[in-house]
Amino acid sequence: MKSLPVLAILLMALGASGAGQKQPEKRLPYAAVHDPQFIPASSATFLHDPDRVIGVVSGQVAKAYPAAILSQHGLVEDQSPSGPIAITW
């Protein structure tokens with residue numbers, strides 16, 4: 001995805017501005033999901049019409065990441081046909 005390099009540049013710029021300052025490392029209040037498992041859309045009976053998802057389509061592969069699950073984990077690290085991706089909420 002094209003937004004990942006922009007995000008990496010932004011994080012490097014923020015890190016550079018705090019150079020020389022020692023700050024305690026904060027733990028995030030959630031656990032990231034790595035290599036998530038997917039089910040067919042027809043089996044996702046826990047989702048309803050007003051529920052939000054982040055959708056990613058790459059070639060013939062389409063994936064949906066439910067916002068309710070993302071809000072519990074904050075980050076999903078997954079693979080696309082083009083390479084690794086990160087989904088956040």
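This is a predicted model: local features need pLDDT of at least 70, side-chain atom pairs count only at pLDDT 80 or more; totals for chains, interfaces and linings use all residues.
Colleague: What is the average pLDDT of the protein?
Modeller: The pLDDT is the predictor's confidence in each residue, from 0 to 100. Over residues 1–18 the pLDDT is below 50, whereas 69% of the residues in the protein score at least 70. The average pLDDT is 76.

Colleague: Which strands form the open sheet, and in what order?
Modeller: Two strands pair if DSSP finds at least two bridges between them. Strands E1 and E4 run parallel and are joined by two bridges, while E4 (residues 75–80) pairs with E5 in the antiparallel sense over six bridges. The pairing is therefore mixed, and the order is E1-E4-E5.

Colleague: Why is one side of E1 and of E5 left without a neighbour in the sheet?
Modeller: Strand E1 covers residues 33–34 and strand E5 covers residues 83–88. Both stand at the edges of the sheet, so one side of each has no neighbour there, for each has a single partner strand.

Colleague: Which residue in E5 stands opposite Glu 77?
Modeller: A hairpin of two linking residues joins E4 to E5. In E5, the residue opposite Glu 77 is Ala 86.

Colleague: Which residues make up the covered face of E4?
Modeller: In a regular strand the side chains alternate between the two faces of the sheet. The uncovered face of E4 holds Leu 75, Glu 77 and Gln 79. The covered face holds Val 76, Asp 78 and Ser 80.

Colleague: Which residue in E3 is the bridge partner of Ile 54?
Modeller: Strands E2 and E3 pair in the antiparallel sense over six bridges. They form a hairpin with two residues between them, and Gly 59 in the turn has a positive phi of about 65°. The bridge partner of Ile 54 is Tyr 65.

Colleague: Is Ser 58 buried or exposed?
Modeller: Ser 58 lies in strand E2 (residues 53–58). Apart from residues up to four places away in sequence, Ser 58 touches Pro 81 and Ser 82, where contact means heavy atoms within 4.5 Å. A residue is buried under 20% relative accessible area, exposed over 50% and partly exposed in between (1.4 Å probe, protein chains only). With a relative accessible area of 17%, Ser 58 is buried.

Colleague: How far apart in space are Pro 66 and Val 53?
Modeller: Pro 66 belongs to strand E3 and counts as buried at 12% relative accessibility. Leaving aside neighbours within four places in sequence, Pro 66 is in contact with Phe 46, Leu 47, Arg 52 and Val 53. Pro 66 and Val 53 are 13 residues apart in sequence, and their C-alpha to C-alpha distance is 4.2 Å.

Colleague: Which element gives the most residues to the lining of the largest pocket?
Modeller: On a 1 Å grid over the protein atoms alone, a pocket is an open set of points with protein on both sides within 12 Å along at least five of seven lines, and a cavity is a set where a 1.4 Å probe fits but cannot get out; lining residues have an atom within 4 Å of a point. The largest pocket holds about 370 Å³ of space, and among the 18 residues lining it, the closest to its centre are Gln 37, Phe 38, Ile 39, Ala 64 and Pro 66. Two or more lining residues come from strand E3 (61–66) and from helix H2 (67–73). The most, five residues, come from E3.

Colleague: Which element gives the largest share of the lining of the largest cavity?
Modeller: About 30 Å³ of space lies in the largest cavity. Its lining includes Ser 58, Tyr 65 and Pro 81, and the elements that give two or more residues are E2, E3 and E4. The largest share, three residues, comes from E3.

How values were computed
Residues are numbered from 1 along each chain as its sequence is written. Side-chain values use heavy atoms; hydrogens and water are left out. Helices (H or I, at least four residues) and strands (E, at least two) are DSSP runs, numbered from the N terminus. Grid points are joined across faces, edges and corners, and a volume is the space filled by probe spheres set on the points.
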